[in-house]
Amino acid sequence: MTPYIEDPWAWQESWDRQQEAYLPDREHRFAAMLDTVDAVIDGRAPRVLDLAGGTGTISLRTLDRFPTAQTTLVDLDPALLAIASASLADRATIITADLGTPEWHSALPHREYDAVLTATALHWLPADRIGQLYAEVRDVLRPGGVFVNADHMPDDTLPELTKRLMDRARDRRNARYAAGSMLSWSDWWERAGADPALAPLVARRHAIYPTGHSPEWNPPVSWHLAALTAAGFREVGTLWRGGPDAAVAAVR
Ligand SMILES: C[S@@+](CC[C@H](N)C(=O)[O-])C[C@H]1O[C@@H](n2cnc3c(N)ncnc32)[C@H](O)[C@@H]1O
C-alpha cells in the first residue's frame, strides 16, 4: 500500500535540487528529450515509457508538455516510487521492476511505445546488461519510435579536458553543499530516512541497493552508439551534450 506522504511536491523539489547539484543543465536534457518525442508523434498523444524514472521527473514533465500522454514509469526503488505515486496519482502507470533482469517489461500496460526515455540511471547497470536492455527497449518501441538515454557519457576524444571539467564541477558542487544551498545525495537519503512515511521504504531501498550508489562505470558516447547499433536500432546519434554528460537517441 502507498504510504500517505504529507507533501510529495516538497520531496520533488528537494530531489530536483539535489540532482541539479550534479547536473546544473538537467532541465535542458529533459527539454531535448521531449522535443524528440514531439518530433515522432505527428501531433498524436504519445505513449511514453519513463525507464528508471525514480520520483517521476520525466513522467511529470511529459504530462506537462503533452497533457493527454499515456505514461508508464518503471523503477525498483520503493521510496522514490512512493513519491512518484503520490505526485502522479492516476496520471501514470507505475511499475516496480528490476531493469537488471529481462522480465522487467512483462508488466508493461502497452506493447508499443512512441518513446522510451531515461536519465541518469542506466550507469547503475553492468555493461553486458545495458547492451541487452537496449535490445529489449527496441522491442517495446513501435517502428519509428525513439529511445533517449541521458547519462554520464564523457567525450572520449577529450579525456584531459573532460577530467578538468569534472574537477571544476565537483568543486562548485562542494561549494554549494558547504553553503547549504543544496543537499548532497547522502544528505537527501538521510532526510528521506527520517521521514515517518518514507522511513520503512528507505530501509527497504538500502537492502535493494546495499552500497547506496552506482558502480560509477560511465562509458563514452561512442560505446553507447555502438551498443544501440548492435541492438538493432536503425538510426543512432548524439542528441544533446553538456560537459561530460550526453543524451544519445536511437530510432527503431
Ligand atoms: C539518479 S536516479 C534518476 C531518476 C530519474 N530518472 C531522474 O532523472 O530524476 C537513478 C534511478 O535508477 C533507478 N535504478 C537503478 N537501478 C535500477 C534497476 N536495476 N531497476 C530499476 N531501476 C533502477 C533507481 O532506483 C533510481 O530511481
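Author: Happy to; here is a walk through a few pairs and where they sit. This is a predicted model, in which local features need pLDDT of at least 70 and side-chain atom pairs count only at pLDDT 80 or more, while totals for chains, interfaces and linings use all residues. Residues are numbered from 1 along each chain as its sequence is written, and side-chain values use heavy atoms, leaving out hydrogens and water.

Side chains of opposite charge can pair when their charged atoms come close. Here a salt bridge is a side-chain nitrogen of Lys or Arg within 4 Å of a carboxyl oxygen of Asp or Glu, and the whole structure has 17 of them.

Let's begin with Asp-114 and Arg-142, whose side chains meet at 2.5 Å, N to O. Asp-114 belongs to strand 4 (residues 113-119) and Arg-142 to strand 5 (residues 141-152), so this pair ties together parts 28 residues apart in sequence; strands are DSSP runs of E of at least two residues, helices runs of H or I of at least four, numbered from the N terminus. Both Asp-114 and Arg-142 are buried (under 20% relative accessible area; exposed is over 50%, partly exposed in between, with a 1.4 Å probe and protein chains only).

Next, Asp-35 in helix 2 and Arg-65 in helix 3 are 30 residues apart, and their salt bridge spans 2.9 Å, N to O. Asp-35 is partly exposed at 43%, and Arg-65 is partly exposed at 36%.

Finally, look at helix 6 (residues 159-179), where Asp-167 and Lys-163 are 4 residues apart, about one helical turn. Their closest N and O atoms are 3.0 Å apart. Lys-163 is exposed at 51%, whereas Asp-167 is partly exposed at 24%. Both join Arg-168, Arg-170 and Asp-171 in a salt-bridge network.
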